[in-house]
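Here is a short briefing on local packing in one protein chain. Look at the sequence and the fold before reading on.

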Amino acid sequence: MNNTGQDVSLNAAEVRDLTRIERIGAHSHIRGLGLDDALEPREVSQGMVGQAPARRAAGVVYKMIQEGKIAGRAILLAGQPGTGKTAIAMGIAQALGEDTPFNTIAGSEIFSLEMSKTEALTQAFRRSIGVRIMEETEIIEGEVVEIQVDTPAEGASEKSGRITLCTTDMETVYDLGTKMIDALQKEKVSAGDVITIDKASGKITKLGRSFTRSRDYDAMGPQTRFVQCPEGELQKRKEVVHVVSLHEIDVINSRQQGFLALFSGDTGEIKSEVREQINAKVAEWREEGKASIVPGVLFIDEVHMLDI
């Protein structure tokens, strides 16, 4: 993405490279509110235990969010430290779906010499609003029949090889270079895996093991996933969905090195003109059916410290 005049463009490769690192913390295990279909709290479920009345009330809020009846509203969770306020906020976000942005800040964090309080809160809000972007891309999808890697000559650094992929209707051999061989080794791809290869970026995604190889081993790990061998052509067009936050789009468009600023954390203040252009562009994508908004959850701890 580059900010040139009034143009806000979307580079899909940059979006795909926004790898999220999930920090293991006190609430990493929470996967929902632990409620049944009648919004009654289970004793132990989805990483939640105790605080049954609070979880039941949070379930009502969750339903209202789902039905679009409480968008843009604030909810005050009061209680002593360690009583589960952050856990309930995390549970609401997880219950809304894995793509739902969840961000937590402390009220004291907005007091900074580097940016104004309004800017700090604006960035927090925009981190909590996701944009689901849909695009069509060309991929190669098939079951791995065989991978052959040639031994490089002495002193040569370039690797070469071949991979044989098949569907239920055809089988094809593709030549491999160093980059693709390294990617296959990184993903630990072996014969019997069903994979997709993005032709634009070369990214390899392992979908699972083919059902035809389910009897190759006497024991399988609990994480092993079996899928059917793809049908039809190996090369096909497929709709790919990416979810990024409005803040990530802001940062990438706000400066020339914006994409790197996402990883360094040094974003600074973002001009209102940039945000206005991005808001207009996202609205245009929504009208064209290329994107949709994913409302998220922002949890502000120590909210009594806010004076604005």
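Leaving aside its neighbours within four places in sequence, which residues is L96 in contact with? They are Y62, I65, Q66 and V297, where contact means heavy atoms within 4.5 Å. This is a predicted model, in which local features need pLDDT of at least 70, side-chain atom pairs count only at pLDDT 80 or more, and totals for chains, interfaces and linings use all residues. Residues are numbered from 1 along each chain as its sequence is written, and side-chain values use heavy atoms, with hydrogens and water left out.

- L96 lies in helix α3, residues 85-96. Helices are DSSP runs of H or I with at least four residues, strands are E runs of at least two, and both are numbered from the N terminus.
- L96 is partly exposed, with a relative accessible area of 24%. Buried means under 20%, exposed over 50%, and partly exposed in between, using a 1.4 Å probe and protein chains only.
- L96 and G32 are 64 residues apart in sequence, yet 8.3 Å apart in space, C-alpha to C-alpha.
- P53 belongs to helix α2, residues 52-66. P53 is exposed, at 56% relative accessible area.
- P53 and P41 are 12 residues apart in sequence and 8.1 Å apart in space, C-alpha to C-alpha.

**Helix α5**

- In α5 (residues 178-186), T178, M180, I181 and L184 are buried.
- Seen down the axis of α5, the buried residues fall within an arc of 165 degrees, so they line one face of the helix. The arc is that of the directions from the helix axis to the C-beta atoms.
- K179 and K186 are exposed on the other side of α5.

**Helices α4 and α6**

- The axes of α4 (residues 117-127) and α6 (residues 246-254) come within 6 Å and cross at roughly 120 degrees. Axes are lines fitted to C-alpha atoms, for helices over the stretch in contact, and angles run from 0 to 180 degrees between N-to-C directions.
- The two helices, α4 and α6, are therefore oblique to each other. Under 35 degrees counts as roughly parallel, over 145 as roughly antiparallel, 65 to 115 as roughly perpendicular, and the rest as oblique.
- Q123, R126 and R127 of α4 make the contact with L246, H247 and D250 of α6.
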